Amino acid sequence: MQRLKGQAALVTGSSSGIGAAVAKSLAAEGAKVVVNYARSPKGAEAVVAEIKAKGGEAIAVQADVSKEDQVLNLFEQMYEAYETIDILVNNAGLQKDSAFTDMTLADWNTVIGVNLTGQFLCAREAAKTFIRRGVVPERSCAAGKIICMSSVHEVIPWAGHCNYAASKGGVMLLMKSMAQELAPHKIRVNSIGPGAIKTPINRDAWETPEAEASLLTLIPYNRVGDPVDIGKAAVWLASDESDYVNGATLFVDGGMTLYPGFATGG
Ligand code: NAD
């Protein structure tokens with residue numbers, strides 16, 4: 001349908017999993033995509049090749065989103081290639097799990113640094129360009145769109161993952177505060193809250209039939225999500241079809257946030 005024709009998109013951490021699916025989904029709708037990766041270029045190059053093979057446009061750019069100088073360089077490289085930015089998908093994220101009393105400061109800082117500070121740094125750079133440039137009506141009714149990859153754990157507490165849950169809870173109010181502040185500039189800021197999606201980040205939770213059966217007890221819709229489920233939601237939130245949606249988290253979780261334990265009890 002080419003709903004994002006001619007728009008320039010940056011998807012952080014898009015060399016694998018959800019980010020890779022989002023990058024491919026945006027490209028299939030006509031966006032030119034910067035496929036950001038943290039370290040090894042292999043996955044990002046494969047995503048770029050797949051997009052190009054389907055007639056789309058994409059480049060791979062390295063940057064650790066938790067480092068300010070690398071984020072500035074990422075945006076410079078994006079502007080050299082595509083001149084501007086219309087869509088930012090703040091997707092890069094990781095987990096460093098442990099029992100609360102065993103959690104090291106290093107693991108706390110790494111998770112907050114990538115999952116929360118990384119979203120702040122990239123959103124700030126994108127917002128500066130959106131404000132300076134304003135709306136380009138041929139491309140979109142909005143001056144820019146920011147999509148934050150949050151999680152059901154922005155609202156569901158998660159024992160053994162305090163750093164991760166804190167980072168996603170932080171993303172929720174970062175997203176809403178940005179949405180409130182940037183709306184007068186015609187910038188829309190929203191989040192996607194994935195439930196359990198099959199990617200490398202949570203392999204242990206779905207790799208064996210036993211693990212998957214246990215995971216399914218948390219999902220009323222009774223299937224584990226596919227990265228493409230998130231790609232479709234990202235396209236909608238980036239497109240003018242969602243023009244009046246601002247400051248919302250779209251949970252794409254098969255009902256995981258519906259307190260499934262209460263289906264038979266309570
Ligand atoms: P993934 O491990 O496949 O992808 C994470 C990506 O982030 C990787 O490409 C990784 O290289 C990149 N990354 C890590 N640190 C980075 C850094 N410092 N700079 C740039 N990139 C970096 O896992 P995924 O499941 O695709 O996760 C993507 C996002 O979705 C994350 O924010 C995660 O929290 C969120 N999420 C995933 C699930 C799920 O069930 N898979 C559920 C809820 C939220």
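Biologist: How far is the oxygen atom of the ligand from an N or O atom in the side chain of tyrosine 164?

Modeller: A polar contact is a pair of N or O atoms within 3.5 Å. In this structure, an oxygen atom of the ligand is 2.6 Å from an N or O atom in the tyrosine 164 side chain. Taken alone, the ligand exposes 820 Å², and the protein buries 91% of that; such areas come from the Shrake-Rupley method with a 1.4 Å probe. This is a predicted model, in which local features need pLDDT of at least 70 and side-chain atom pairs count only at pLDDT 80 or more, while totals for chains, interfaces and linings use all residues. Residues are numbered from 1 along each chain as its sequence is written, and side-chain values use heavy atoms, with hydrogens and water left out.

Biologist: Which residues lie 2.8 Å and 3.0 Å from a nitrogen atom of the ligand?

Modeller: The side chain of aspartate 64 places an N or O atom 2.8 Å from a ligand nitrogen. For valine 65, a backbone N or O atom is 3.0 Å from a nitrogen atom of the ligand.

Biologist: How many residues surround the ligand?

Modeller: A residue is near a molecule if one of its heavy atoms lies within 4 Å of it. Here 28 residues surround the ligand, the closest being Ser16, Ile18, Asn91, Tyr164 and Thr199.

Biologist: How many disulfides are there by this rule?

Modeller: A disulfide is a pair of cysteine sulfur atoms within 2.5 Å. The count comes to zero. The sulfur of cysteine 148 has its closest cysteine sulfur in cysteine 122, 10 Å away, which is too far for a bond.

Biologist: Is cysteine 148 buried or exposed?

Modeller: Buried means under 20% relative accessible area, exposed over 50%, and partly exposed in between, with a 1.4 Å probe and protein chains only. Cysteine 148 is buried at 0%, whereas cysteine 162 is partly exposed at 29%.

Biologist: Where do aspartate 86 and arginine 139 lie?

Modeller: A salt bridge is a side-chain nitrogen of Lys or Arg within 4 Å of a carboxyl oxygen of Asp or Glu. The side chains of aspartate 86 and arginine 139 form one, at 3.1 Å from N to O. Aspartate 86 is in the loop between helix 3 (68-82) and strand 4 (87-90), and arginine 139 in the loop between helix 4 (105-133) and strand 5 (144-149), so the pair ties together parts 53 residues apart in sequence. Helices (H or I, at least four residues) and strands (E, at least two) are DSSP runs, numbered from the N terminus. Aspartate 86 is buried at 5%.

Technical notes
Polar contact = N/O pair within 3.5 Å; in protein donor to acceptor, adjacent residues only side chain to side chain.
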